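Here's a quick tour of a two-part model, taken one piece at a time. Have the viewer open as you read.

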Amino acid sequence: MDILEVSGLTHRFADGTTALSGIDLAVREGEFVVVAGANGSGKTTFLRHLNALLLPHGGRVLVDGVSTADDPVHARRTVGMVFQDADSQVVGETVYDDVAFGPENLGLDPEQIHRRVTAAMAAVGLAGFEDQRPHLLSGGEKRRVAIAGILAMQSRVLVFDEPFSNLDYPGVRQVLEQIVALHRQGHTLLLTTHDLEKVLVHADRLVVISAGSVVRDGPPAATVKGIDAFGVREPEASRNGMPLSSWLS
Amino acid sequence: MAELTTLGFRPGRSLFHRLDARFKLLCLAMISITVLRAGVWGLTGLTVPGLAAVCRLGIPLRSMLKELRYLAVLLFLVFAARALSTPGTALLTVSGVSITREGAAAGGLVCWRLTSVVLAGIIFIAATRPSEIRGAVIRLLAPIPFIPERRAGTMISLLIRFIPMILNQARETADAQRARCIECRKNPVFRLKTLCVALLRRIFEDAEQLVVAMEARCYTEDRTSPRFSATPRDWTALFVTAAACAAAAGIPF
């Protein structure tokens with residue numbers, strides 16, 4: 001079943017620039033899709049349509065069968081988003097408060113919120129960090145706080161906007177391990193990046209966006225060939241005709 | 001890793017942390033009103049326990065004073081205005097402008113009062129989770145008509161969340177400008193302008209991003225608030241604070 005259905009999606013910025021032009025895409029439940037593209041290609045704008053932070057100027061976006069324009073809150077409950085700048089999405093003064101922010105907005109009772117927050121923090125390996133101040137955590141830990149924040153909302157689709165930016169090697173591994181584990185647990189994942197080396201081997205599908213349009217869509221190993229033409233570096237292994245390798249092995 | 005700021009919530013298990021946030025907010029209001037009326041002995045009676053509370057909460061006094069250096073500029077202006085405008089016995093006269101003994105005393109007292117209010121606020125913020133502050137503000141404003149208590153609660157909790165961030169950004173922006181030899185520019189207005197423009201731009205950008213992040217997590221004013229339950233300890237703290245405030249306000253000097 002397709003949990004995300006995007007058809008003819010068009011978006012224009014206030015200055016008249018077309019950011020997205022007629023995007024068609026369907027994502028099955030449980031699928032792990034990497035969306036690649038150069039800076040300014042429209043990746044982030046596309047992701048923001050999936051949880052109704054932006055609404056289409058043309059076409060439509062259906063989340064679990066419901067249009068984002070008709071029910072933005074349904075889209076936000078179903079699709080959780082981890083932003084590129086983890087600092088900017090920290091709302092709480094402590095890790096616990098930040099993870100609890102989403103469930104509080106859903107109007108759950110305090111006991112239920114506590115259960116969800118505790119479970120989400122344990123799921124990302126942050127048990128014991130409840131009273132820590134998020135701004136003082138490492139980059140990888142901050143991203144995991146952000147992931148816990150959307151897990152606590154029990155979002156079925158998790159969307160990551162450049163999750164590896166500004167992270168050192170251990171930070172990348174921490175976040176990548178988390179992403180792979182979430183996929184294994186059955187979550188639907190969409191992840192944007194222009195650095196395919198780190199993640200592509202774990203994905204089910206690669207979608208390439210260039211100048212606001214989908215220019216390639218298919219299995220990672222085949223789709224990645226010659227991707228340099230769209231401003232994205234082809235992984236070294238693929239260039240050399242070898243199978244893609246994982247940063248986790 | 002971000003630099004630690006002393007102004008903000010400090011997790012702990014002290015008596016201050018365990019008190020009900022509504023009672024703490026009421027105590028803060030009483031203390032703030034009292035210090036604006038109290039004399040030297042009354043202020044001493046409130047400041048000494050305040051400093052003890054700062055130590056008990058583990059707030060490093062030196063760092064706190066460093067964070068408050070911008071407040072010192074305001075206090076200096078207040079002091080100067082009082083010292084120069086109050087008539088009395090001249091302590092010092094330069095070019096026909098006199099600083100009077102009475103003006104200096106009045107200016108010092110006003111500065112002490114303002115500092116005491118800030119100190120009480122720092123103690124309250126250090127010992128109370130922002131979510132509890134939000135809940136307490138909502139509960140206490142609810143009976144007052146025409147005030148959107150939920151919006152006010154969210155605004156206050158976000159403001160508290162932003163203070164350490166703004167201080168960090170001010171420090172980073174100032175460092176970045178020092179790295180490019182801003183000290184070589186002797187005009188203080190130019191230096192202030194370059195700092196403020198860059199800082200304000202960053203603050204507004206961060207605020208914009210925060211709004212988007214809150215929207216993405218289904219932000220609503222009707223969020224679940226923490227549950228409060230008053231205990232005898234809370235009532236005792238309230239009565240003790242009320243008695244101390246009454247005594248401080250009643251001392252004539």
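## Ground rules

Helices (H or I, at least four residues) and strands (E, at least two) are DSSP runs, numbered from the N terminus. This is a predicted model, so local features need pLDDT of at least 70 and side-chain atom pairs count only at pLDDT 80 or more, while totals for chains, interfaces and linings use all residues. Residues are numbered from 1 along each chain as its sequence is written, with chains lettered from A and ligands numbered from 1 in the order in which they are written.

## A helix in chain B

Let's start with helix H3 of chain B, residues 40-56. Its 17 residues reach 24 Å from first C-alpha to last, close to the expected 24 Å (1.5 Å times one less than the number of residues). After H3(B) comes B:Gly58, with a positive phi near 75°.

Which residues of H3(B) are buried? They are B:Gly42, B:Leu43, B:Leu46 and B:Ala53 (buried means 20 or more other C-beta atoms within 10 Å of a residue's own, exposed 12 or fewer, partly exposed in between, with C-beta atoms placed from the backbone). They sit on the same side of H3(B) because they cover an arc of only 90° around the axis, taken from the directions from the helix axis to the C-beta atoms. That buried set packs against helices H1 (15-18), H2 (21-35), H6 (101-127) and H10 (232-250) of chain B; contact means C-beta atoms, placed from the backbone, within 7 Å. The face turned away carries exposed B:Val48, B:Leu51, B:Ala52 and B:Cys55.

## The sheet in chain A

Over in chain A, 6 strands make an open, mixed sheet in the order S6-S7-S8-S3-S9-S10 (a pair needs at least two DSSP bridges). S6 (79-82) and S10 (213-218) of chain A are the edges, each pairing on one side only. Strand S9 (residues 205-210) of chain A runs antiparallel to S10(A) over 5 bridges, and A:Val208 stands opposite A:Arg216 in S10(A).

Helix H5 (residues 139-151) of chain A packs on the sheet, touching S6 and S7 (157-161) of chain A, at about 165° to S6(A). Angles run from 0 to 180 degrees between N-to-C directions, with axes fitted to C-alpha atoms, for helices over the stretch in contact.

## Where the chains meet

Here 27 residues of chain B contact 31 residues of chain A. On the chain B side, H9(B) gives the largest share, 8 residues.

Definitions and conventions: Two residues are in contact if their C-beta atoms, placed from the backbone, lie within 7 Å.
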